[in-house]
Amino acid sequence: MVDRDDIIRMAREAGLDPDLWNYTDAFERFAALVAAEKEKQIIDILERLQERNESHTYYKYAINVIKGEI
């Protein structure tokens, strides 16, 4: 799970100075939206892989883990 410290660390790695941010909460919400979109993309890929190989449940298991169902 990405927390506030992770977001600040990644911002610094990207060359941003979080100490100058006036809207830290907005950056945190933005980071959460980016993470949610990336998670959705990964799940979409896993679902397509599962459709191609229905005899195994590896991909479905991974989807359930990502969604927090397991």
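Predicted model: local features only at pLDDT ≥ 70, side-chain atom pairs only at ≥ 80, totals over all residues.
Reader: OK, salt bridges then. How many are there?
Author: The count comes to three salt bridges, where a salt bridge is a side-chain nitrogen of Lys or Arg within 4 Å of a carboxyl oxygen of Asp or Glu. In general, side chains of opposite charge can pair when their charged atoms come close.

Reader: Which residues are linked in a network?
Author: Asp6, Arg9 and Glu13 are linked in a network of salt bridges. Asp6 pairs with Arg9, with their closest N and O atoms 3.8 Å apart, and the side chain of Arg9 also meets that of Glu13 at 3.0 Å, N to O.

Reader: And how do those pairs sit along the helix?
Author: Asp6 and Arg9 both lie in helix H1, three residues apart, about one turn of the helix; helices here are DSSP runs (H or I, at least four residues), numbered from the N terminus. Arg9 and Glu13 are separated by about one helical turn because they are four residues apart in helix H1.

Reader: Is Glu13 buried or exposed?
Author: Glu13 counts as exposed because its relative accessibility is 60%, whereas Arg9, at 39%, counts as partly exposed. For these words, buried means under 20% relative accessible area, exposed over 50%, and partly exposed in between, with a 1.4 Å probe and protein chains only.

Reader: What about Asp44, which residue does it pair with?
Author: Asp44 forms a salt bridge with Lys40, the closest N and O atoms being 3.3 Å apart. Those two residues are four apart in helix H2, so about one helical turn separates them. Asp44 counts as partly exposed at 28% relative accessibility, and Lys40 also counts as partly exposed, at 45%.

Reader: Switching topic: where does Gln50 lie, and what does its side chain reach?
Author: Gln50 lies in helix H2, which covers residues 24-52, and its side chain reaches the backbone oxygen of His56 at 2.7 Å. With a relative accessibility of 13%, Gln50 counts as buried.

Reader: Which residues does it touch, leaving aside sequence neighbours?
Author: Leaving aside its neighbours within four places in sequence, Gln50 is in contact (heavy atoms within 4.5 Å) with His56, Thr57, Tyr58, Tyr59 and Lys60.

Reader: And Asn64, buried or exposed?
Author: Asn64, which is found in helix H3, counts as buried because its relative accessibility is 15%. Once neighbours within four places in sequence are set aside, Asn64 is in contact with Glu69 and Ile70.

Reader: Where is Ile70, then?
Author: Ile70 lies in the segment after helix H3 (58-66), and at 54% relative accessibility Ile70 counts as exposed.

Methods: Residues numbered from 1 in each chain as written. Heavy atoms only, no water. Polar contact = N/O pair within 3.5 Å; in protein donor to acceptor, adjacent residues only side chain to side chain.
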